[in-house]
Amino acid sequence: MGLSVKAVAFCLAAFLCAVSAISVTLPVPVAVSEDRDFLLNNGDQDDSILPQKESVAPVEDSALISNDTDEHSTSLQNTGNGLTLIIMRHAKTEPRMYPRKKYDFGRRLVRRGMEESSRVGSKLAGMGLHPDLALVSPSERTKETWDFASKSFDSHIPVRYVDALYHSDLGVFLDVLRSETSGRYASTIIVVGHKPSVNDVIFWLTNQEVVFKTGAAAVLSFKSARNNDVNNMEDSWSSAFKSAHSWNLVKLVEST
C-alpha cells in the first residue's frame with residue numbers, strides 16, 4: 001500500500017512537470033484591437049504594418065486655387081501665349097433693401113468691398129496681367145468694383161457696361177462672351193459680374209467648381225492650334241466659347 005502511494009505521487013509529479021514544459025513553449029495570447037486609430041494612438045506601433053487609408057487632397061488644396069504660391073510665376077507658366085479670360089465677382093456690398101427689385105441695382109460697395117477690389121486688382125497686375133477690355137455689369141456694385149480694381153493697371157482699359165450681365169443666367173452670360181469678344185483683337189479680357197452666373201460659366205468653361213468669395217477673380221486660359229499667331233487672335237476668340245470644358249482654370253485670386 002505504501003509503495004502504491006509513492007508510485008502515485010511520483011506519477012503525479014511527473015505529469016505536472018510535463019504540463020509545465022508544454023505551457024512554456026505555447027505562445028501567449030495577445031489581445032489585438034481591430035481599430036486602426038486605437039493602435040496608432042496607444043503605443044509605438046509601426047504605421048507601415050497597419051492598413052493604410054487612402055489620402056485624397058481636397059479641392060481647396062489644389063495648386064490651381066492656392067493663394068500661397070507665387071502668383072507671377074503661376075500665371076506666366078499657365079497662360080503662355082494663349083487667350084486669358086478673367087471672371088470677377090463684385091466685392092462686398094451694402095445689405096439688401098426691399099423691395100429688392102427697386103433697390104438692388106443701386107447697392108454700393110462698403111469699405112471692405114473697396115479694399116477687396118483694390119487688393120485683387122493689385123494681385124492681377126502683379127501676375128503680369130493687363131486686360132485689353134473690361135465687360136462690366138451696369139449695377140453700382142460691379143461698376144465700383146471695376147473702378148477700384150482698375151487703378152492697379154498702368155494704362156486706361158476700355159470698358160463696356162453690358163446690361164445683359166446684370167443677374168444673367170449661364171446662357172445669357174455665354175451669349176455676352178461670344179458677342180462681345182467676336183472679332184476682338186485682345187489677348188486678355190476681364191468680366192465683372194454676379195453670382196451665381198459667374199460660378200456657372202466657370203464650371204461650364206473649365207469643368208471645375210470654385211468657391212467665389214466677394215471680390216475674387218478667376219484667371220482662365222485658352223489655347224487653340226492657331227492662337228499663337230497674333231494675326232488669328234480674332235478667330236481664336238470666336239472659337240473659344242463653342243464647346244464646354246475648353247478652358248483651364250489657372251488661379252483663383254482672392255483679396256486675402
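In the predicted model, local features need pLDDT of at least 70 and side-chain atom pairs count only at pLDDT 80 or more, while totals for chains, interfaces and linings use all residues.

E1 and E4 pair in the parallel sense over six bridges. Strands (E, at least two residues) and helices (H or I, at least four) are DSSP runs, numbered from the N terminus. Two strands pair if DSSP finds at least two bridges between them. The open sheet has six strands in the order E3-E2-E4-E1-E5-E6, with mixed pairing. E3 (159-161) and E6 are the edge strands, each pairing on one side only. From one strand to the next, the twist averages 20°. H8 packs on the sheet and touches E1, E4, E5 and E6. The direction of H8 makes about 155° with that of E1. Axes are lines fitted to C-alpha atoms, for helices over the stretch in contact, and angles run from 0 to 180 degrees between N-to-C directions.

The largest nonpolar core has 30 residues. Such a core is a set of buried Ala, Val, Leu, Ile, Met, Phe, Trp, Tyr and Cys residues joined through side-chain atoms within 4.5 Å. Buried means under 20% relative accessible area, exposed over 50%, and partly exposed in between (1.4 Å probe, protein chains only). Leu85, Leu205 and Trp247 have the most contacts inside this core. Elements giving two or more residues to this core include E1 (83-89), H8 (197-206) and E6 (248-253). Beyond its neighbours within four places in sequence, Leu85 is in contact (heavy atoms within 4.5 Å) with residues including Leu177, Val191, Leu205 and Trp247.

The whole structure holds six aromatic pairs. Rings of Phe, Tyr and Trp (its six-membered ring) pair if their centres lie within 6.5 Å; planes under 30 degrees apart count as stacked, over 60 as edge-to-face and the rest as tilted. Trp237 and Trp247 form a tilted pair, 6.2 Å centre to centre with 35° between the planes. Trp237 lies in H9 and Trp247 in the loop between H9 and E6, so the pair ties together parts ten residues apart in sequence. Trp237 is buried at 1% relative accessible area, and Trp247 is buried at 2%. Phe222, Trp237, Phe241 and Trp247 form one aromatic cluster.

Methods:
Residues numbered from 1 in each chain as written. Heavy atoms only, no water.
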